[in-house]
Amino acid sequence: MTTTGGASTALLTDHYELTMLQASLADGTAHRRSVFELFARRLPDGRRYGVVAGVNRLLDVLERFRFDEQTIEFLRDRAIVDQATCDWLAGYRFSGDISGYADGEIFFPGSPVLVVESSFAEAVLLETVFLSILNHDSAVASAASRMTWWAGGRPCIEMGSRRTHEESAVAAALAAYIAGFATTSNLEAARRFGIPSAGTAAHSFTLLHDSERDAFVSQVDALGKGTTLLIDTYDLTEAVKTAIDITGPELGAVRLDSGDLPSLAGQVREQLDALGATKTRIIVTSDLDEFQIAALAPASVDGYGVGTSLVTGSGYPTCGFVYKLVSREDATGVMAPVAKKSPDKISIGGRKYALRRRSAAGVAEVELIGVGQAPVDDGDDRELLKPLVEAGKIIGRTTPAESQAHHLKVRDELPRSASQLSRGEPAIPTEYIGDLNARNPFAPRSNR
């Protein structure tokens, strides 16, 4: 689903993007052909891989990246840029090419997640909004992927809306779905992106009624016996007994939201089975993260509801993506590689191409990046950069369901070590071929 139409997105940017534009228009360099790349220099500590999310949202924002009359009036009234720049912005349409990793794709240090090719003027304006979207959504998806991996096929429910900004909540729900979550509690995300939603009742609903039985009867009457009853408002044992007395063995699920979840889940499972409710599922919530989900793997649990940790990237709310000029047209019309050389912020100049080198068995071995030239597929490899925009026309959209299917497929390519939650190096190394005049800045620190 796309979000065409609507308000301009052109001011979702930083002031200095426009001042650079004004200066480059004045000195004649604004129209030089340029290549910008978006990548991460490293993964967060303890992460073996990252997950791309936000590409389709980025394309929707690009489609509305227009400087309409109100936007131009704001820039003029604030004297942010001069009249010549305002005149140029009034006709702004991105006319270049963009290729990138698809939503759901795995990335590693140095992966050219997005490659933007156009004039400097057209590309530089997109830096802030592209980074804003991909840093947030990919952080959520990277955390979500670890959670769904350790959930081991048990469904995960995204329920973090109340723990973040209202629009971030919608984006987070989509990112989580891309990384394997089954449903979201967020109805705007369900409406906007068409992903499944789920939800039943909170403790306040039980407390509203004169007794727990009254609350359960009301919920079952309204939603049917397949509903999920929240059973830890008062006495857990009595709640289970009451729930099955009302519904019989047809009760869909019960939810635990507090306490020692592994032991309580075991206790509830025994009681449900003794009452004949052998098919009633047990859903657990309560500030879960990937580490708790992994610890709950042996427990009598059938599903997980995850909120705060998910929407905050499980401790890493950004991926550390940067957007750098790597090649530009020189005064003679030749494309020349350029790169920043600051300590700890080194980048590699030159347009990049990327393959995931795989073994004959289909297991990922190397993130192979060509500098100035495409790596050669040895027969088992997979090309990573997909066309997203050609000559200004958006061509690379995918649906959330397609993105989720892609993620689960490419995650299965990773070596099993990628699932480890302990500190360690990326699951596969990043290697470069081509015109490379510097050491690999994305190699493990021990090798620098």
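Q: How many disulfides does the structure hold?
A: A disulfide calls for two cysteine sulfur atoms within 2.5 Å of each other. In this predicted model, the structure holds zero disulfides.

Q: Are C156 and C86 buried or exposed?
A: Buried means a relative accessible area under 20%. C156 counts as buried because its relative accessibility is 1%. C86 is likewise buried, at 1% relative accessibility.

Q: Which domains does the domain assignment give for the chain?
A: A domain can be made of several stretches of sequence, as domain 1 is here, with 29-58, 96-126 and 320-439. Domain 2 covers 200-308. Taken over C-alpha atoms, the centres of domain 1 and domain 2 are 44 Å apart.

Q: What does UniProt place at residues 11-135?
A: The unreviewed UniProt entry gives "domain: Nicotinate phosphoribosyltransferase N-terminal" for that range; such an annotation may be inferred rather than shown by experiment. In the model, residues 11-135 are 42% helix and 18% strand.

Q: Where does S403 lie, and what does it touch?
A: Start with the element, then look for contacts beyond the sequence neighbours. S403 is in helix α15, which spans residues 400-411. With a relative accessibility of 2%, S403 counts as buried. Not counting residues up to four places away in sequence, S403 touches N56, D103, G104, I178 and T398.

Q: How is T242 placed, in sequence and in space?
A: T242 belongs to helix α11, residues 236-247. Its relative accessible area is 13%, so T242 is buried. Leaving aside neighbours within four places in sequence, T242 is in contact with R213 and F216. F216 is 26 residues from T242 in sequence, while their C-alpha atoms are 8.2 Å apart.

Q: Which side chain is joined to that of H136 by a polar contact?
A: The partner is D137, and the polar contact between the two side chains is 2.8 Å. H136 sits in helix α6, residues 127-151. H136 is buried because its relative accessible area is 18%, the cut-off being 20%. Beyond neighbours within four places in sequence, H136 is in contact with residues including S168, A171, A172, V311 and P317.

Key:
Residues are numbered from 1 along each chain as its sequence is written. This is a predicted model: local features need pLDDT of at least 70, side-chain atom pairs count only at pLDDT 80 or more; totals for chains, interfaces and linings use all residues. Side-chain values use heavy atoms; hydrogens and water are left out. Helices (H or I, at least four residues) and strands (E, at least two) are DSSP runs, numbered from the N terminus. Buried means under 20% relative accessible area, exposed over 50%, partly exposed in between (1.4 Å probe, protein chains only). Contact means heavy atoms within 4.5 Å. Domain bounds come from an automatic or database domain assignment. A polar contact is a pair of N or O atoms within 3.5 Å; within protein, one must be able to donate a hydrogen and the other to accept it, and residues adjacent in sequence count only if both atoms are side-chain atoms.
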